[in-house]
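This report looks at a single protein chain, moving from its helical and sheet elements to individual side chains. Please keep the sequence and the coordinates at hand while reading.

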Amino acid sequence: MKNINIKSAILALTLMGTLVSCDTDYKDETPSIAGIAVANPNFSTLEGAAVQGGLVGVLSNSNPNDPSGHYTVFAPTNDAFARLGLVDSGSLGGLQNSFLTNTLLYHVSNGDLMGSAIKAGGTAPSLLGVNRRFISRGADLYINGSKIILTDVSASNGTIHGIDKVMIATGVNIVDSAILLKDAKVFKAPELTFLVQAVITSGLAGTLSNPSANFTIYAPTDAAFKAAGFATVQDVANTSPTVLQKVLLNHAIVGGKFTSEHSGTTAATAGGGMLTYSAFTNGIFTVKSNGITTPANMVIPDIQCSNGIVHIIDKVLLP
């Protein structure tokens, strides 16, 4: 009986040792990219976005399209999503799922891109098929208009860098991008109905959709047009095309620039006017034209289009 008890005790101790060993191995195992988002409260909105956008499985597993099996993710923090009014996973319902999925893919690359390899003037492809570019401003490094605030967080299936703004790319030209916004193909609440009508009536659609062109466009919201005296979309349609051309060209700068790339305090418009910028603060600035008394604020900055960059603003920049 004593021998049996001794054998049982040895077996129990062996099992306990095995379990402890397994538990230690489990604890030491590096979590996946999705697992890090789940575990870190600063990325809880990103976690909700990945769930809604159907990418949790992708970011939990090995990358089948890269020999390393890894991804690099530029991960927006909760504060980054909050800058778009997306304060939690529930408010993500204001985005169309297809747009949300594409937005997340825009933040992901194949393979490991370490912080030491990120250089100003360089670019990196995204899984959306659109390149992002790296920009140096003072002591800070940006990807498009988003400041890189954290680098080289290791996951079992790749690398994470934290950023302070959500990056947005439409994959189409400036005019088609405005139409996507107007038709609620991005945000469920249309924002640029008046602007699209102005582009059509002015006859500038061809210029602003030209694939060889490259513009920075300050795009006023519907509310901005109403505040400027256009009560309805029909009011815009009834306005002289020449007048609308003058107004719209005052919102266009030749050369597409993210907020992080703007330097100086003024810029000449495509219509021959002049815009004045405030200081660059927290990744954005205000914009003022000669025809308004208070500057326009940025509602959504740094939307990458195929032929330029669009910044949505809350005032019409009257000449």
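This is a predicted model: local features need pLDDT of at least 70, side-chain atom pairs count only at pLDDT 80 or more; totals for chains, interfaces and linings use all residues.

**Helix 3 and its surroundings**

Helix 3 spans residues 44-52, and its buried residues are Thr-45, Leu-46, Gly-48, Ala-49 and Ala-50. These buried residues pack against helix 4 (56-60), strand 1 (71-76), helix 5 (78-82) and helix 6 (97-106). Just after helix 3, the backbone at Gly-54 adopts a positive phi of about 75°.

**Aromatic side chains**

The model contains 6 aromatic pairs. In one of them, the ring centres of Phe-74 and Phe-134 lie 6.1 Å apart with their planes at 45°, so the pair is tilted. Because Phe-74 lies in strand 1 and Phe-134 in strand 4 (residues 132-137), this pair ties together parts that are 60 residues apart in sequence. Both Phe-74 and Phe-134 are buried. Elsewhere, ring pairs link Phe-194, Phe-225 and Phe-230 into a cluster, while Arg-137 lies over the face of Phe-280, at 3.8 Å from the ring centre.

The table sets out the relative accessibility of two residues, which are then described by their contacts.

| Residue | Relative accessibility | Class |
|---|---|---|
| Thr-266 | 43% | partly exposed |
| Ser-289 | 1% | buried |

Thr-266 is found in strand 11 (residues 266-268), and, leaving aside residues up to four places away in sequence, Thr-266 touches Met-274, Leu-275, Thr-276 and Tyr-277. Of these contacts, Tyr-277 is 11 residues from Thr-266 in sequence, and the two are 5.8 Å apart in space, C-alpha to C-alpha.

Ser-289 is found in the loop between strand 13 (287-288) and strand 14 (298-305), and the side chain of Ser-289 reaches the backbone oxygen of Leu-318 at 2.7 Å. With residues up to four places away in sequence again not counted, Ser-289 touches Asn-250, Met-274, Leu-275, Leu-317 and Leu-318.

Key:
Residues are numbered from 1 along each chain as its sequence is written. Side-chain values use heavy atoms; hydrogens and water are left out. Buried means under 20% relative accessible area, exposed over 50%, partly exposed in between (1.4 Å probe, protein chains only). Helices (H or I, at least four residues) and strands (E, at least two) are DSSP runs, numbered from the N terminus. Contact means heavy atoms within 4.5 Å. A polar contact is a pair of N or O atoms within 3.5 Å; within protein, one must be able to donate a hydrogen and the other to accept it, and residues adjacent in sequence count only if both atoms are side-chain atoms. Rings of Phe, Tyr and Trp (its six-membered ring) pair if their centres lie within 6.5 Å; planes under 30 degrees apart count as stacked, over 60 as edge-to-face and the rest as tilted. A charge sits over a ring if NZ of Lys or CZ of Arg is within 6 Å of the ring centre and within 35 degrees of the ring normal.
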